[in-house]
Amino acid sequence: MSRRKKISPPTPVPSLSAQQTALEQFRVLLPPDEFLALLEELERPLLPAFRINPLKTTSQAVADWCEWYGWQVQPVAFCSTGWQVRQARTPLSQTLEHRFGHYYIQDAASMLPAELFDLPASPHPLILDMAASPGGKTTHLISRTLDRGLTLANDAGLERITPLRLVLQNWGTVNTAVTRFPAEKFGRWFPGVFDWALLDAPCSMQSLRPTESHPMRPISPREQSHLARRQTAMLMSALAAVKPGGQVVYSTCTLAPQEDEAVLDEVLRRLPNAVQVDSVSNRLPQPAPALTTAFGQTFHPQVQNALRLWPHRFSTSGFFAARLTRTDEMDLPTEPHPARPLRETGQEPLNRPMAQEIAEWLKNTYHFDLTSVLETYRLELWRSQASIFAVPTAFLETFDGLPCQMLGLKVLEDTPQGWQPAHEWVNRFAHHFQSGCLSLPDEMLDEWLKGKDVPMPRSAGNPPPVWIVFDERNRFIGRGRSSGIWLKNLLPRRGIG
Ligand SMILES: C[S@@+](CC[C@H](N)C(=O)[O-])C[C@H]1O[C@@H](n2cnc3c(N)ncnc32)[C@H](O)[C@@H]1O
C-alpha cells in the first residue's frame, strides 16, 4: 500500500526569505485558486480576538465594551463566547476588564479545540490539559464546564509554570490543579481516568501568521520528525488517560501535514480498534477538512474528519484540530504516579469548627455565603502557612498526593491585622460580597489603578478589615484598607502598569 510511504518535504527555494520559503511548501497542498486566496488573506492583518470569562461576566457586557472602548466586533463562527475585533480605539490589552480577567485575548483559531468537546453527563468531569501554558485553552475548558469539573493543567516547562498560574488565578478558577510533568506520563499514571483530555501540542508553528511568540522559519526534516514522534507519544498518552467513551482533542498551530495528519494516521495505525477520529464538521459554518494525502503519503480515511483551518477560511491563523473518542480498552503499560501527600507539604485540612468559624466570619463581615460556594464547586478548606485555600475535593479523591504547583484558590490571608479575603478570591466572587464594599469616585480611578493610595471615599457602616472596592460602573477594582484619611491600596504589585 502506498499509505506508509515516507514524507519528504520539498527542497526550499534558496532565493526566498525564510518566511516565504516556509510558505512555499504549502502551495502543492491547495488548488491554485485557493493558494491565491491564502496569499491574499495573508496580506491582511490578523484580526485580534478575545473570549469572555463566563465565571465573571456575560456576553451582554460586550456591547458596553464596544461603547466604552470604541470596538467593532464580529462573533467567532465556532465559539459562542469569542469575538474578533475589526476596529478598536482602546487596544484589547489596555482595559480594566482585561486586567481583572473578564476576557482572554486569543486568536480565533485557538478557540476551536475546547469547543470540540461534548459536555459529558457528569456536571463534574475530570479534565486534563496536557500542555497547558500559558493557559489560554485551559481557561476555555474551565469556562465550558463553568469551573464545576476538575481541570488538571499540566506543562513540562519550568519557566512556563508561573505564567500559567497567573493566568488561571486571574481567570478565577477554583477547580484547577497545575502540575509540571512530561505529558507522556499521564496515560501510564492515570489510565482510563479523565472525561476529556486536550493535547495542544508543541509543534513547528507553521501557522502562516508569524508573530513574535510564533515565529515562522523553515523546519528541517529531522526536527519535523522529532516533533511528530513527540506528538504521537503525547497523543497515545492522552488516549490512554481518558475513560472508554472519553474524548481527546489534538490540536496544533502548524499546518505541516508531517505533524497534524501524519500523527493522526500513525495513532490510528497503532490503535486500530480502540479509537476513532470523530466527524465534527457541524461545529463549523463551512467545511474545513483535513488533507487526504500530502507529499506522497495517503492518510487513513478517518483523518479527513479532522479540521484544517487555512487562514483564508475564517480569517484566522493557520490551525489544525481533531477530536478522537476512545472506543475501547487499551492494553498499555501502567506505573504508579509520583506521590507526596498534601499534608507532607505543610498543608492541613481545616477541622469542622474552624471551617465553620471562617464561614461565619465571612457572613458577618461581608454577607458572603462561603458554605454555598464550597458546596456548588465541591471544595474543602485547607490551611497552608498563613493562608486558607479552597481545595477541589475531586483532586483529593482521585489524584491525592500528585505533586502540584498550584491547587485551588486562596480564600483568606492571616495578617497581623487579622483575617482578610484574598485578592484572587474577591476578584472571582466580587459580586457575592454584599457588605464591606466601597465605590471609588471616577476621578480617583487612574491613580488607584496605578497602585496609589487615595483619599478615603465616604462610606457607610463600620470599616471591615479590608474594603472590597468597586468603580462607579460597579466593576471590582481591588481591596483597600482604611488608614486615617487614606484608603491604602492592596492591589497586587504584579498587575500594576
Ligand atoms: C502550544 S504550547 C501550549 C499552549 C497552550 N495550550 C495555550 O493555549 O495557552 C505547547 C506547550 O507544551 C509544553 N511542552 C513541551 N513538551 C512537553 C511535554 N513533553 N509535556 C508537557 N508539556 C510539554 C511547552 O512548554 C508549551 O508550553
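**Figure 1. Domain layout of the predicted model.** The protein is divided into domain 1 (17–42 + 110–326), domain 2 (49–105), domain 3 (340–432) and domain 4 (436–497), with bounds that come from an automatic or database domain assignment. The C-alpha centres of domain 3 and domain 4 lie 24 Å apart, and the contact between them, where contact means heavy atoms within 4.5 Å, takes 15 residues from domain 3 and 13 residues from domain 4. This is a predicted model, in which local features need pLDDT of at least 70 and side-chain atom pairs count only at pLDDT 80 or more, while totals for chains, interfaces and linings use all residues. Residues are numbered from 1 along each chain as its sequence is written, and side-chain values use heavy atoms, with hydrogens and water left out.

Figure 2. Helices (H or I, at least four residues) and strands (E, at least two) are DSSP runs numbered from the N terminus. Strand E5 (residues 126–129) is covered on both faces, with Leu-126 and Leu-128 buried on one side and Ile-127 and Asp-129 buried on the other; buried means under 20% relative accessible area, exposed over 50% and partly exposed in between, for a 1.4 Å probe and protein chains only. Strands pair if DSSP finds at least two bridges between them, and 4 bridges join E5 to the parallel strand E6 (residues 150–154), where Leu-150 is the bridge partner of Leu-126. Between E5 and E6 the chain crosses through helix H6 (residues 136–144) in a right-handed β-α-β crossover, that is, with the strands pointing away from the viewer, the path from the first strand over the helix to the second runs clockwise. Strand E8 (residues 194–200) also runs parallel to E5 and is joined to it by 3 bridges, with Ala-197 of E8 as the bridge partner of Leu-128.

Figure 3. Helix H6 is mostly covered, with 8 of its 9 residues buried, among them Gly-136, Thr-138, His-140 and Ile-142. Lys-137, which has its place in H6, counts as buried because its relative accessibility is 13%. Leaving aside residues up to four places away in sequence, Lys-137 touches Gln-106, Ser-110, Pro-113, Asp-129, Leu-198, Asp-200 and Phe-319. Just after H6, Leu-146 takes a positive phi of about 50 degrees.

**Figure 4. Strand E1 between two antiparallel pairings.** Strand E3 (residues 79–88) runs antiparallel to E1 and is joined to it by 3 bridges, and here Ala-49 stands opposite Gln-84. A further 3 bridges join E1 to the antiparallel strand E4 (residues 103–105), in which Tyr-104 is the bridge partner of Arg-51.

Figure 5. Ring pairs link Phe-50, Trp-65, Trp-68, Tyr-69, Trp-71, Trp-83 and Tyr-103 into a cluster. A charge sits over a ring if NZ of Lys or CZ of Arg is within 6 Å of the ring centre and within 35 degrees of the ring normal; Arg-473 lies over the face of Trp-68, at 3.9 Å from the ring centre, and Arg-428 lies over the face of Tyr-377, at 5.0 Å from the ring centre.

Technical notes:
Rings of Phe, Tyr and Trp (its six-membered ring) pair if their centres lie within 6.5 Å; planes under 30 degrees apart count as stacked, over 60 as edge-to-face and the rest as tilted.
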